[in-house]
Amino acid sequence: MVATKYQKIFLFIVIFFSIEFLLLKSTPFFWDAVSKSVRARWFYDANFSQFVVPTEINSGHPPLWTLLLSGWWKLFGMTLFSSRVLLLIINILVGYQVVVLFKNYFNASISSFFIILIFLEPTFIAQTTILNNDMVLLLFTLIAYNCISGTKKINRFLYTLVLIGVLFSNLRGMLIFSCLLIVDLLFSRFKLRSKINHFTFIPYLISAISLSAFFIYQYNLLGWFIKTPSPNWSGQRKSADFFHLLKNIASVTRNFMDYGRAVSYTHLRAHETRHDL
């Protein structure tokens, strides 16, 4: 009965994203996705002769999404329709991982309500419409966390690939990588998962070495990594002063209060506690 309910939830997600796809199939690249399309086009035209784009169009982010997009174009044509199909697949996979996450932690009745609430949240919906790297990063993050917190034996090879995906999706992936390492350590230290899964540094070491190798490769080609000298993005790589740090904290706090996020989280935690009891 529970499995059937989760199947219905996942079917709702598939229908939801399919309708979104039909409504937006001709919507062009916009916001941050415009620069991603430029880089993907460069890889496409250069026929993958190298795995970093020139400095003038390079923001410093690892190129997984733009390489994936340009490779997809090689297979299915460089059209908006094919690009949106790729995003549709990624969105559905994200939806599946959200269902897995809730299935691991909450009972079916509370899960259905909150999963639907998540997929109607304005900020999340906005991200599902942009041909950007954020949904790819979210996908790898959810897979990684579900591997850590799940009851099944962790496939270390798969987990290593997922961590590499986290790191190569976005520079913010390095922060998420650190958080996943801490969460993994806490789950192991406080025995919050199945005894068949023991903590090991190997996946983290291999993925960190992979990113380091990419940075060395980029430095040899361009003479820099992470902090781009391009005037289009160099200002974003500066350290924030104390005033801007406070401003960022206030902005994050406001965002959590927006759309009832804080209330929803409190309510969800209360149901999780009752479920544990």
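The legends below accompany several close-up views of a predicted model. Local features are described only at pLDDT of at least 70 and side-chain atom pairs only at pLDDT 80 or more, while totals for chains, interfaces and linings use all residues. Residues are numbered from 1 along each chain as its sequence is written, and side-chain values use heavy atoms, with hydrogens and water left out.

**View 1. The helical fold of the predicted protein.** The protein contains 12 helices and 0 strands, where helices (H or I, at least four residues) and strands (E, at least two) are DSSP runs numbered from the N terminus. Read along the sequence, the pattern is α-α-α-α-α-α-α-α-α-α-α-α. Of the 277 residues in the protein, 41% are buried, a term that stands for under 20% relative accessible area, with exposed meaning over 50% and partly exposed in between (1.4 Å probe, protein chains only). Among contacts (heavy atoms within 4.5 Å) between residues at least 6 apart in sequence, 74% join residues at least 24 apart.

**View 2. The packing of helix α8 against helix α10.** Two packed helices are described by the angle between their axes and the distance between the axes. Helix α8 (residues 156-169) and helix α10 (residues 202-222) pack at an angle of about 35°, and their axes are 9 Å apart; the axes are lines fitted to C-alpha atoms, for helices over the stretch in contact, and angles run from 0 to 180 degrees between N-to-C directions. The crossing of α8 past α10 is right-handed, a hand assigned when the near helix is turned clockwise from the far one by less than a right angle, anticlockwise being left-handed. On the α8 side, the residues that meet α10 are Arg156, Tyr159, Thr160, Leu163, Ile164, Leu167 and Phe168, and their partners in α10 are Pro203, Tyr204, Ile206, Ser207, Ala208, Ser210, Leu211 and Phe214. By class, this contact of α8 with α10 has 11 nonpolar, 3 polar and 1 charged residues, where Ala, Val, Leu, Ile, Met, Phe, Trp, Tyr, Cys and Pro count as nonpolar, Asp, Glu, Lys and Arg as charged, and the others, Gly among them, as polar.

**View 3. Helix α8 and its surroundings.** The 14 residues of α8 reach 20 Å from the first C-alpha to the last, close to the 20 Å expected at 1.5 Å a residue, the expected span being 1.5 Å times one less than the number of residues. Buried residues of α8 include Tyr159, Thr160, Val162, Leu163 and Gly165, and Val166, Leu167, Phe168 and Ser169 are buried as well. The elements that cover the buried residues of α8 include α3 (64-76), α7 (134-149), α9 (173-189) and α10.

View 4. A nonpolar core is a set of buried Ala, Val, Leu, Ile, Met, Phe, Trp, Tyr and Cys residues joined through side-chain atoms within 4.5 Å. The largest such core has 58 residues, and those with the most contacts inside it are Phe17, Ile90, Val94, Ile115 and Tyr159. Helix α4 (residues 80-105) supplies the largest share of this core, 11 residues. Not counting residues up to four places away in sequence, isoleucine 90 touches Trp65, Leu68, Met135, Val136 and Leu139.

View 5. Alanine 33 belongs to helix α2 (residues 33-46) and is buried, with a relative accessible area of 0%. Leaving aside neighbours within four places in sequence, alanine 33 is in contact with Ile130, Leu131 and Asn132. Most residues other than glycine have a negative phi.

**View 6. Leucine 138 and serine 149 in helix α7.** Leucine 138 is found in helix α7 and counts as partly exposed at 28% relative accessibility. Leaving aside neighbours within four places in sequence, leucine 138 is in contact with Val94 and Phe124. Serine 149, also placed in helix α7, counts as buried at 9% relative accessibility. Not counting residues up to four places away in sequence, serine 149 touches Tyr105 and Phe187, and its C-alpha is separated by 9.9 Å from that of asparagine 197, 48 residues apart along the chain.
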